[in-house]
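Hi everyone, thanks for coming. Please have a look at the sequence and the structure on the screen, and then I'll walk you through a few places in it.

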Amino acid sequence: MKKSFWMSMQQIPIKIFVLKVSDVLMDSENLLPFLKKDERNKSKEFINLDLERNYVVHKAFERIILQHSLKKRTLNIKHGKYGKPFIDDPNTFFYNKSHSGDWVALAISTIDLGIDIEMITSNSNEDLVQIVYNEKDFNNFGATDDFFTVWSLKEAYSKLLGLGLNLNLNQLHIIPENGVFSIRKENVLLANGYQIGIDRDYKCHLVVGVDYNPSISIISSTQSLKIINEHLH
């Protein structure tokens, strides 16, 4: 029997760990040992206690999940020109992270990837819509109903490239196709995006290269909390 296009693509396991930050905030002081010295110093610069706790949880969550996944106690985390994190080890995995509101997500795989989560608000900034959308997006999604879907997908693609905010999102357009979002520029397929269900008040998407068929596993906040507690004891 002839293989379909999707069956012929290389299937790659991807794990996405998610955490509801508010469930850990009160224990943030116990997480400080997982931060590097400069990160601990930076945490003390926040005037707002909630912002300080959020920072500590985000940093500790990243390091604990990576240690757990890679079975390594020591990790040399570096950052690219525009801030994309990576582990300086030729034999390790790729990873990417994102946070918004009360949620943080971290994706790990053997291929490069990008992930972005956005909290849905009742009104979207008109200037931001103009930056993110182009005419094809308006045709495919409407003016603002799915703005956060488009924004999340384009941000995840930019993070896949390691460009951060240094990509003109307006030059890209998104086409939904059978549960997969194709990310295109002038009709050239650049990458594929996948919706990650976390919370109905948030949009989260994973983006990978077009040569891969991801097998996505979502590790829930409850499971992530269990991993964190195991490392605390």
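This is a predicted model: local features need pLDDT of at least 70, side-chain atom pairs count only at pLDDT 80 or more; totals for chains, interfaces and linings use all residues.

**A walk around the chain**

Let's begin at lysine 71, which sits just after helix H4 and takes a positive phi of about 55°. Residues are numbered from 1 along each chain as its sequence is written, and side-chain values use heavy atoms, with hydrogens and water left out.

Back to lysine 71, in the loop between H4 and S2. Is lysine 71 buried or exposed? Lysine 71 is exposed, at a relative accessible area of 68%; for these words, buried is under 20%, exposed is over 50% and partly exposed is in between, using a 1.4 Å probe and protein chains only. The side chain of lysine 71 also reaches back to the backbone oxygen of histidine 68, at 3.1 Å. That is a polar contact, a pair of N or O atoms within 3.5 Å; within protein, one must be able to donate a hydrogen and the other to accept it, and residues adjacent in sequence count only if both atoms are side-chain atoms.

Now for the helix itself. H4 covers residues 49-70, and its end C-alpha atoms are 32 Å apart, in agreement with the 32 Å that its 22 residues should span at 1.5 Å a residue. The expected span here is 1.5 Å times one less than the number of residues. How many of the 22 residues of H4 are buried? The count is 16, so H4 is mostly covered.

At the start of H4, a side-chain oxygen of asparagine 48 comes to within 2.8 Å of the backbone nitrogen of aspartate 50. Aspartate 50 turns up again with asparagine 54, whose side chain reaches the backbone oxygen of aspartate 50 at 2.8 Å. Asparagine 54 is in H4 and is buried, with a relative accessible area of 18%. Leaving aside neighbours within four places in sequence, asparagine 54 is in contact, meaning heavy atoms within 4.5 Å, with Val21 and Leu25.

On to the charged pairs. The chain has 5 salt bridges, each being a side-chain nitrogen of Lys or Arg within 4 Å of a carboxyl oxygen of Asp or Glu. One of them joins glutamate 52 to lysine 44, with the closest N and O atoms 3.5 Å apart. Glutamate 52 counts as buried at 15% relative accessibility, whereas lysine 44 is exposed at 55%.

Another salt bridge brings together the side chains of aspartate 112 and lysine 84, at 2.7 Å from N to O. This pair links distant parts of the chain, 28 residues apart: aspartate 112 is in the loop between S5 (103-109) and S6 (114-119), and lysine 84 is in the loop between S2 (77-79) and S3 (85-87). Aspartate 112 is partly exposed at 30%, while lysine 84 is buried at 14%.

A further salt bridge is between lysine 154 and aspartate 137, at 2.6 Å. Lysine 154 lies in H7 (residues 147-161) and aspartate 137 in H6 (residues 135-141), so the pair ties together parts that are 17 residues apart in sequence. What is the relative accessible area of lysine 154? For lysine 154 it is 0%, and for aspartate 137 it is 0% too.

One more stop is aspartate 199, in the loop between S9 (188-195) and S10 (202-208). Aspartate 199 is partly exposed, at 24%. Its side chain makes a polar contact with the side chain of tryptophan 103 at 3.2 Å, and one of its side-chain polar atoms lies 2.8 Å from the backbone nitrogen of aspartate 201. The C-alpha atoms of aspartate 199 and lysine 20 are 9.8 Å apart, although 179 residues separate the two along the chain.

Finally, let's step back to the whole chain. There are 8 helices and 11 strands, and 46% of the 233 residues count as buried. The C-alpha trace spans about 50 × 50 × 35 Å along its principal axes.

Terms used
Helices (H or I, at least four residues) and strands (E, at least two) are DSSP runs, numbered from the N terminus.
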